[in-house]
Amino acid sequence: MDLSEQINQLETDLQEIASLLEKSERTRVQDVLKLEQKKIEKEISVKRHQKEQQAKREADPTSASKAYTVKINNYGWDQSEKFVKIYITLNGVHKIAPENVKVTFTERSFVLLVNDLDGKNHQMTINNLLNPVDVQGSSKKIKTDMVLVMCKKKTTKKWECLTQVQKQTKEKDKPSVNPDENADPSDGLMSMLKKMYSDGDDEMKRTINKAWSESQDKKAKGDGDISNMGMF
């Protein structure tokens, strides 16, 4: 069924709803009919816009190729047990012909191409997906001002990132918990005490001196002044 036939059917539905509204007396019934009326009116508007775009393409088949391509960088993503979902916001994308929105999948990548949206082509390329995806089970959905790309997982394993590059960057930014496994743990404590003693006031120094002295007295007799014991 072409767009003209779809529009004609929707207009017939709209006329029938208008007739029912005139006959209905109950407020609840009228509210339901009005909601459906608005829904059909919106759908007719979208179909008419698509028909206009189709007419332009038929009049000038090279118009889409003449449009410059905009790279899509902004997106959001989440996941379910079976799918990794990527959300791309594109104002008015639901108004263009569905065949203008294409997604090509491989096991480790996908390319989204939206042709002739507001005189521009829009492209998004995601390479090196974190895990391989099921190409046949992957798909797209066109929603109001949005394209939803659905990559079907090959396993139910949870993805911590969308791509391998993002994972590598994340791991690189992680602070090292123990940079030197062979280092003496007491060295870290000694350095911390030295800094506290050096930066502290007289009261802090007296406290550290006393604590150090009491600790050393348990091992051997000696001067209780930390600074004289070679620690600082």
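A residue counts as partly exposed when its relative accessible area falls between the buried limit, under 20%, and the exposed limit, over 50%. E107, at 40%, is therefore partly exposed. The model discussed here is predicted. The protein has 232 residues, and buried residues make up 29% of them. Six helices and eight strands are present. The structure also holds three salt bridges.

**Fold order**

- From the N terminus on, the elements run α-α-α-β-β-β-β-β-β-β-β-α-α-α.
- Helix α1 covers residues 3–23, and helix α2 covers 27–59.
- Among the strands are β3 (83–89), β4 (101–106), β5 (109–117), β6 (120–126) and β8 (146–153).
- Helix α4 spans 164–173, and helix α5 spans residues 185–199.

**Nonpolar core**

- The largest nonpolar core has 24 residues.
- Inside this core, the residues with the most contacts are I86, F110, L112 and V149.
- Strands β3, β4, β5, β6 and β8 each supply at least two residues of the core.
- Strand β5 gives the largest share, four residues.
- In soluble globular proteins, nonpolar side chains tend to be buried together.

**Salt bridge R48–E11**

- R48 forms a salt bridge with E11, and their closest N and O atoms are 2.5 Å apart.
- R48 lies in helix α2 and E11 in helix α1, so the bridge ties together parts that are 37 residues apart in sequence.
- R48 is partly exposed, with a relative accessible area of 43%.
- E11 is also partly exposed, at 27% relative accessibility.

**Salt bridge E107–K154**

- E107 pairs with K154 in a salt bridge, with the closest N and O atoms 2.4 Å apart.
- This pair links distant parts of the chain, 47 residues apart.
- E107 sits in the loop between β4 and β5, while K154 sits in the loop between β8 and α4.
- The relative accessible area is 40% for E107 and 48% for K154.
- K154 is thus partly exposed, as is E107.

**Salt bridge K167–E160**

- The side chains of K167 and E160 meet in a salt bridge at 3.9 Å, N to O.
- That distance counts as a salt bridge because the cut-off is within 4 Å.
- K167 is partly exposed, with 28% relative accessible area.
- E160 is partly exposed too, at 45%.
- Side chains of opposite charge can pair when their charged atoms come close.

**Negative surface patch**

- D13, E16, E36 and E43 form a negative surface patch.
- Helices α1 and α2 are the elements that give two or more residues to this patch.
- E36 is found in helix α2.
- E36 has a relative accessible area of 36%, which makes this residue partly exposed.
- Patch residues need over 30% relative accessible area, so E36 passes that cut-off.

**Nonpolar surface patch**

- M192, M196 and M204 make a nonpolar surface patch of about 250 Å².
- M192 lies in helix α5.
- M192 counts as partly exposed at 44% relative accessibility.
- The patch cut-off is over 30% relative accessible area, so M192 passes it.

Terms used
Residues are numbered from 1 along each chain as its sequence is written. This is a predicted model: local features need pLDDT of at least 70, side-chain atom pairs count only at pLDDT 80 or more; totals for chains, interfaces and linings use all residues. Side-chain values use heavy atoms; hydrogens and water are left out. Patches are made of residues with over 30% relative accessible area and no salt bridge: like charges are joined within 9 Å, nonpolar side chains (Val, Leu, Ile, Met, Phe, Trp, Tyr) within 5 Å. Accessible areas come from the Shrake-Rupley method with a 1.4 Å probe; for residues, only the protein chains shown count as cover. Lys and Arg count as positive and Asp and Glu as negative; His and the chain ends are not counted. The place of a charge is taken as NZ of Lys, CZ of Arg, CG of Asp or CD of Glu. Buried means under 20% relative accessible area, exposed over 50%, partly exposed in between (1.4 Å probe, protein chains only). A nonpolar core is a set of buried Ala, Val, Leu, Ile, Met, Phe, Trp, Tyr and Cys residues joined through side-chain atoms within 4.5 Å.
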